[in-house]
Amino acid sequence: MLFPDAPVVQEFLHDSLVAHVASRSAAGRPFVTPLWFTPHAGVLWVTTGLGTRLAKNVGHQPEVTLLLWGERRGRPGEALRLRTRATCHAGLPPWPVLLRIAARYYLAPGALASEIGNVTRWTLRARYYAQVSGGPGHVRLVPLDAEVVARP
Amino acid sequence: MPVTRDVELDAVRDLLARPPRASVTFLDGGGVAIVPVRARFAGDRLAVGLPADGPDLAGREVVVLIDDGPWWFRLRGASFRGVARREAEAEGLVWWTVEPRRVLAWDYGAIREA
């Protein structure tokens, strides 16, 4: 088992852009969703609606497990399983986190080209987000421990 | 009018053939567990491969998640909720079939009015 500050864990957090986020519902059923996440101040920040399945699940069972893929560096044979303790909060994350999200997912090389190429769809995206269940919120995930696992 | 990124499964069929990221999620004891898998489709039949010393999924409710793309308009994927049944050992893996009870597919690049 690895501590969150272990170099390999930090590398995965830096090199991964999408996490498979697994949680447990109040009814005792498994749930998983792919999400962007942004590390900041020792916490992983995920924006989501307050009425989404993830937000509801966190309210009942705060232990959430992430699978990180290291896709920026290309780690075809391994992934990182990261156990976290999650809390859900109303509203958007604080400005420093929002700026990091913008840099990581909208302005990075590749991201910017994709954004510009889809400029005509920005309005649809804004409408899509306006529909989000329960209004805007975010989940804070505090890493507890991790392990590198093989990808079959 | 609502906006959706949901698509038919056939719209992401190419992704299912070679999924860059594939996992299975299930309950284990009091918590939730997630492991990477190799996924394959024969027609609409979904199977996931795990190492021989991997978890026993027999009869468990599982969710298989397959997806791709880091950037917003390139996020595509599908999830399959069902019960796992052991199929066979091959290629050094134990293969589990999943009879999907619920399938969701999405392509953010295909966002549109519903």
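Reply: Leu68(A) touches Phe12(A), Ser16(A), Ala19(A), Ala79(A), Leu80(A) and Leu82(A), leaving aside residues up to four places away in sequence. Two residues are in contact if their C-beta atoms, placed from the backbone, lie within 7 Å. The model is predicted: local features need pLDDT of at least 70, side-chain atom pairs count only at pLDDT 80 or more, and totals for chains, interfaces and linings use all residues. Residues are numbered from 1 along each chain as its sequence is written, while chains are lettered from A and ligands numbered from 1 in the order in which they are written.

Leu68(A) also belongs to the largest nonpolar core, which has 64 residues. Leu68(A), Val48(B) and Val64(B) have the most contacts inside that core. A nonpolar core is a set of buried Ala, Val, Leu, Ile, Met, Phe, Trp, Tyr and Cys residues joined through C-beta atoms within 7 Å. A residue is buried if 20 or more other C-beta atoms, placed from the backbone, lie within 10 Å of its own; it is exposed if 12 or fewer do, and partly exposed in between. In soluble globular proteins, nonpolar side chains tend to be buried together.

Now the chain around Leu68(A). Of the 152 residues of chain A, 33% count as buried. Chain A has 5 helices and 7 strands. Helices (H or I, at least four residues) and strands (E, at least two) are DSSP runs, numbered from the N terminus. From that end, the order in chain A is α-β-β-β-β-α-β-β-α-α-α-β. Among contacts in chain A with a separation of 6 or more, 75% join residues 24 or more positions apart. The C-alpha atoms of chain A fill a box of roughly 45 × 40 × 30 Å along the principal axes.

Next, the contact between the chains. Chain A gives 34 residues and chain B gives 33 residues. On the side of chain A that touches chain B, β5 (63-68) is one of the elements that supply at least two residues each. The largest share of that side, 5 residues, comes from β1(A).

Last, the sheet of chain B. 7 strands form an open sheet in the order β3-β2-β6-β7-β8-β5-β4, with antiparallel pairing. Two strands pair if DSSP finds at least two bridges between them. The edge strands of chain B are β3 (31-36) and β4 (38-42), each pairing on one side only. Strands β7 (residues 76-90) and β8 (residues 93-107) of chain B are joined by 14 bridges. Glu89(B) has Val94(B) in β8(B) as its bridge partner.
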